[in-house]
Each structure stands twice: as C-alpha cells, then as structure tokens.
2 protein chains.
Amino acid sequence: MADLSLMERLTISGTTKIVLLVMDGLGGLPMTPDGLTELESAYRPNMNRLAAEGTLGLSVPVALGVSPGSGPAHLALFGYDPIHFDIGRGVLEAFGIGVPVGAQDVAARGNFCTVDAAGNITDRRAGRIKTEAALPIVEKLARVKLPECEVEVKPVKEYRFVVVFRGEGLSPEVDETDPQRTGVPPLPAQARTAAAERTAAIVNKWIAAAREAIRDDRPANALTLRGFSADPNLPKYREVYKLRAACTAVYPMYKGVSQLVGMDVQHFSGDTPADEFAHVKAIWNDYDFFFIHVKPTDSRGEDGDFAGKVKVIETVDAALPALLDLKPDVLIITGDHSTPAKLKAHSWHPVPLLLWAPATHMRDAAQEFGERACLTGGLGRFSAADLMPLALGHALRLERYGA
Amino acid sequence: MADLSLMERLTISGTTKIVLLVMDGLGGLPMTPDGLTELESAYRPNMNRLAAEGTLGLSVPVALGVSPGSGPAHLALFGYDPIHFDIGRGVLEAFGIGVPVGAQDVAARGNFCTVDAAGNITDRRAGRIKTEAALPIVEKLARVKLPECEVEVKPVKEYRFVVVFRGEGLSPEVDETDPQRTGVPPLPAQARTAAAERTAAIVNKWIAAAREAIRDDRPANALTLRGFSADPNLPKYREVYKLRAACTAVYPMYKGVSQLVGMDVQHFSGDTPADEFAHVKAIWNDYDFFFIHVKPTDSRGEDGDFAGKVKVIETVDAALPALLDLKPDVLIITGDHSTPAKLKAHSWHPVPLLLWAPATHMRDAAQEFGERACLTGGLGRFSAADLMPLALGHALRLERYGA
C-alpha cells in the first residue's frame, strides 16, 4: 500500500508533466452474458491507440468487493489510503459545495426528516423533498443564531444540507443524531470524548432552535445531523510529491477533494471534456500535474443508461487529440470506481486503467482499452492508492530507494 | 508482505536444495516501441526450456513505482522487507569488504574528492582515481589515530573506502558530509539527535586530521563520508529458515548483504558465471541454499549497453547446464531489480522471475523467459520479499499453518 512518508522522502522536482484523466464511474459490465461493457462498446480509436502503445492494468479503489463513494475513490487515486484517511461526510459535502471548513471548524451533513406530533420520525428523508421546496426551509435554518459560535447552513440537494459550526475549542467527536429508523425521535448529539462535551451541547442547542424554526413546515419539520468532521489536514501534493497540481473539474465534490490535497482548483468556461482539455492547455506551463475529472460517465451509469455512458466515453475519446498535442510525459486514463449501467450504482469491480509514458513504459500485449484487455495488462491489478507512485516512477520523479 | 516470524514458526529442516540465481538488474525495456527487451533478445535456450517446464512471475522489489538500490533489492529477495529493514550504506560496504561492524560500531562509506585552494569541491570523486593510486592514500587515513575511539579505514574500489568507528556510546544518527555538488566545501558531520552529538564531534575531529594527512595528495586531497550506520542485527537464515546458506558472488556489496543475513560467503577462483557454478558444485553437499550473484547485467544496463547486457545473459544461459546437472529441487532465476539499458539506471519495473521445481511447480502457459512472458506467468506479480516463502514452499520446507 502506498506510503506517503516514503513518497515524501523519494520524490524529486522535475520538468516532466503528468495528466490524470478520470472518467467517473468508468468501469462497467455487459448487459447480456455475451456482451461488451460500456467502455468496450465505445468507438474509441484514440484510447485504443494509446492502449496498444502503452500499458494497462486494473485498479482496486478501496478493497476487493467494496464499492467506494466518490470521496474515498478519489482520495485513493490521489495516493491517500482511503481507509486510513477517513474523511467525514460533513467536510466532504462542505468542500463539495464550496463552503470552507477552517482549522477550528466542525462540519456536519444534515438531512431533513418528518416527525409526528409525538416527535417520532415518520420519514427519515422528508419525502425526498425537492431541492426547490427545501431551499426556503434551509433559509430558515440559516437564520438561526447562537451566541457560542458562528453557524453556516447551506443547501446541498433535495433533503440534504450542510452545517458548519465555527468557533474555538470545537471537536468533531460527536455521534450522529439519525437513529437510522422510524418510529423513534432523532437522537440528541452525544459527545464521544470529554473534549467534545461542549460541542455536543452547542449542537443540541442549535438543533432545538432549528427545529423550532421549521416546526410548522411539511414534510420537512425536523432534521438529523451526521458525519461530524473537521478539516483532515491531509498532506499536500506540493510537500508529498513536489508537484504543482491543478484540478480541472465541473462538479463541486471533486473540486472539494482536490482542494483537500492541495491542488489548485481551476475556474474555466464550459463543461465538456473539450472545454476541460482546452483549459489544461491554457495552464500547461504553470503546473506539473493535471487532474481532469469527467462526471457524466458516472451519472449515465447511475441512470442505467448504457448507451448514454458509451456516448460520454466517445466524447472524451474524440476530444483526446487536443490533450495529446500537449505531449504529456505520463498520461493516465482511468475511472475512480465502476458504475455499471447494469447495476445503476457504484460497484466494486476493479477499474480499467491505461498508462502511457513513451519514455518509460513497457508495452504489453493489449491492443485496446477495455476491462478485459486490462486484465492482461502489464501493470496487473493494484490498489488505486499505488497509482501515484507508479505515475511518479514513470515520470522519473522518484529517487532510488537505498544504495 | 513476508512475515519472518511466521517463517521461523513454519520452516522445517530438510534435504531439498534451493538455488537462487540473481542476474543483477536483469529487467529491461525495449529500445524502440516495437522492440524486445534485453532478456527477450538474448539467445537463451536453457532458460526458455526451464520457463516452458516451470512457472513464471514478476517481482516488485520495494513498492510499485520505486527504483531500489542493490542493498534493499537483495534484502527483499532474501525475505526481509526493505522498508522495515533500512540498512545503511556504511555497514553494507564494510560487510562487503569483510570488515566487521560490531554491536557498538558505526560504519560510513567514504569518497575521496578534490578540493581547490579555497576548500571547495571541484570533483566529488577525485577523478575516479584508480584503486592502485588510492591505496597509499587510504594507508595515510588508516594511520590517523584518535584518543576517543578506534578507527579502521579500508579501501573499497577506486575513490571509495570504508571507515568504521569503534567505541562506546557511538550513534549512527549522523548526516552525510557530501554536499552532492561541486563549488562548495564538504559539509561538517551533523548529529540528527542529541545522542549523536558526541559521535558527530568525533567524526569531525577525525575528518580534520584525515584531511591534514592527505592535503598534498592529488587528485584525492579531501574526502566526504555518507551512510553512517550500525549493524542492523538481522535475523539469520539458519534461525529463520533452517537453511545452511552459501553466497557465491564476486562483488563485495553482495557478499556484504549475504553475510548480514547469515550466509557463508564463499571464496573461489575466477569470476564468470561458469566459475561460480563450478564452485557451487564443489560445495553442493555442504549447504541447502545457494545464492549466486551475477553482476555485469547491471553494469551493462547502467552503461546503456543493450547488446552487452544481452551477451551477459547469454553467458549465464550457456553455463546453466552445469548448474542443472546438480539437480536442484528449486531453481529460481531472477534479478534484484530492473536496469534497462534504455534508462541507464535502476528502474521500478517489476522483475522477471522463473521458478523451476519439478516436484512441486505448476506449469503455466509461458514458453519462454522474458518480461512479457512473465506477465502471463503462474506466479503472477508479487513482492520480492515473498519469494523466500514461495521457494521454501516449493522445497517442501514449510509446515502446514494450523491444523
């Protein structure tokens, strides 16, 4: 498993450039026993040429059999063991919607729920209330003030929101208030440690005031909080890898994770792969490492839209020549996890990965980019968290270990 | 990763014999995109026959993406996790030339360098002074005495020597004095910990006296020290593996690592693979495990001499029948790391490995010994530190784990 202290010791500065192109949820499954996967079905002449020239493999995001969320899956790709660096949902959601979480802050993910007259939960997600209907209710929460600390509340999507508590001496060691079942009231926030007693008291005070503010709303007349968490203070790319890293992504969540590891989050116009590659061209001289994130592969997979996912892959392939014109020293094309349209969900299947580094790669026998071709690839199967060392090795950015 | 305590628990004595033949830096790369590697290019009928009969795999010396030095790479082959057992260059070099490093001693590797009138380094290797020219200068260093502790100085080769400081309360936590560039003076020895302050002071006192002794020599009129280290007290082959092990090697460094793990270092005449195999025949009845080291594959790789490296492999192949005549129960042919002539350096690429154990191996589909054939091999890809358990298993020298 990747060892950040070993990386920090071995990485050297250099002039080589690394591109990590992630098609979210790239890995797929055939819809029929004899069929092809989404990637295998796509018209992808550029990816196939790179596959024939380069070397393939399969990456395991977290552990065999385990389907990862986007946060841990990206942490792994970035070289951070997602079991060791277990980042709270509160912080991930906050970073994802652009709400800063400072060194002193504690963030939590909030869910609206419905309670009956006795205060017992009848629906843990408030009827999956629509975003537009939830916004004014979030507004009411945002107006709740406490003397003890600043509280920021922001909507996420549907019944979900984020709360950030800002003040001195706060602790994230607070249990969630969602009882995970109906027929009982939300739990009070409970401190896990003595140091978190004050935080739990503040949270409970805020919850009481917040419930008072929305008591007459329907169906969102109560709330639960979970994923209390603080900035994990991850080691940053510049220190660990000696890389100036840029994140070119459209969705907030991915910008959030990138920011947590010290990438510069880019602002650019447009939202297609071609727009993203054009932006990378514009900043090519300013960075060493370029993370590019393409979201709709995952969205189409979650929708069960096999053909739609194929089309997204084809859009990326068609745009690739602009990226190749930049002559990256190391180009990695992969996904953060699999999202087979067949399963309409993230899955645990190892993720196809293409590494192209003409000065240093070992060409394998694979002639195309696809799940089954990757099975025969020269990189074999490896933990996603080992990808960065591999990329750095192929970029000649690691010193020899020992004499 | 290999677990020495598990091995110590499971290994049993036996009569089977294991040969580990290491061609240093064996792994390679094609010089052109469509080309073959050094190993794939070599005429190697014996290795190919063994590959067709036996089973292949790829070993990862330290970690994916990481290029190892020879010390850690051999430790891994011998079953010692090279991240856990991080052995200093000073000790390795001292053991390599047969200079003992006791429990209280600190060893350092020395380089002669050339300094100008201002004391700034003009050549970090003193013009790669020949061994014969260096010997009398090493003699002068050896005559430098300190009241604080005993100091032994021995020549290694060309501009390199070894210094061992012997006394009570010494610590290896001292930084190297090589500034790694010219135009500046050597650095003073600096202690990394408070406990090493006295050692650093002694080292600096010795350096001052040593430089005075050689100030009028040319080009070796100064020196740098690096790799301060103490005996790592590694578990020994006889205890961990119940093996009587012999090292047949030409270069000091490899004799050094072998001695650290308790192998008997052999003295024999000649320096070719055929000479080494002849010696193994002579001691065949005295040992259970035979480590044979072939150096020039690595040297030719470092020189960027593709054809030269091919030739070395062919020399080994031509000599192999003499080794096979001994009928080893387990024969492993591999490298300690890759040294592609294309890169003129050690690299991180996994190392081709051939395991031939007619009584216990599982024949795979591979028909030749080469990097790409090993990709399809029956052993898959594994950490080099797992090789010894595999070898012992195939030699029927491991008890069942549990009932």
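**Domain and chain contacts in a predicted model**

In this predicted model, six residues of domain 1 of chain A are in contact with five residues of domain 2 of chain A. Two residues count as in contact if their C-beta atoms, placed from the backbone, lie within 7 Å. Helix α9 of chain A (residues 252–260) supplies the largest share of the domain 1 side, five residues. That side divides into three nonpolar, three polar and no charged residues. Here Ala, Val, Leu, Ile, Met, Phe, Trp, Tyr, Cys and Pro are nonpolar, Asp, Glu, Lys and Arg are charged, and the others, Gly among them, are polar. Domain 1 of chain A spans 4–85 + 233–394, and domain 2 spans 91–229; the bounds come from an automatic or database domain assignment. Over C-alpha atoms, the centres of the two domains are 34 Å apart.

Residues are numbered from 1 along each chain as its sequence is written, and chains are lettered from A and ligands numbered from 1 in the order in which they are written. Local features need pLDDT of at least 70, side-chain atom pairs count only at pLDDT 80 or more, and totals for chains, interfaces and linings use all residues.

The contact between the chains takes 22 residues from chain A and 25 residues from chain B. On the chain A side, α14(A) gives the largest share, four residues. Helices (H or I, at least four residues) and strands (E, at least two) are DSSP runs, numbered from the N terminus.

In chain B, nine of the nine residues of helix α9 (252–260) are buried, including Tyr254(B) and Leu260(B). A buried residue has 20 or more other C-beta atoms within 10 Å of its own, an exposed one 12 or fewer, and a partly exposed one a count in between, with C-beta atoms placed from the backbone.
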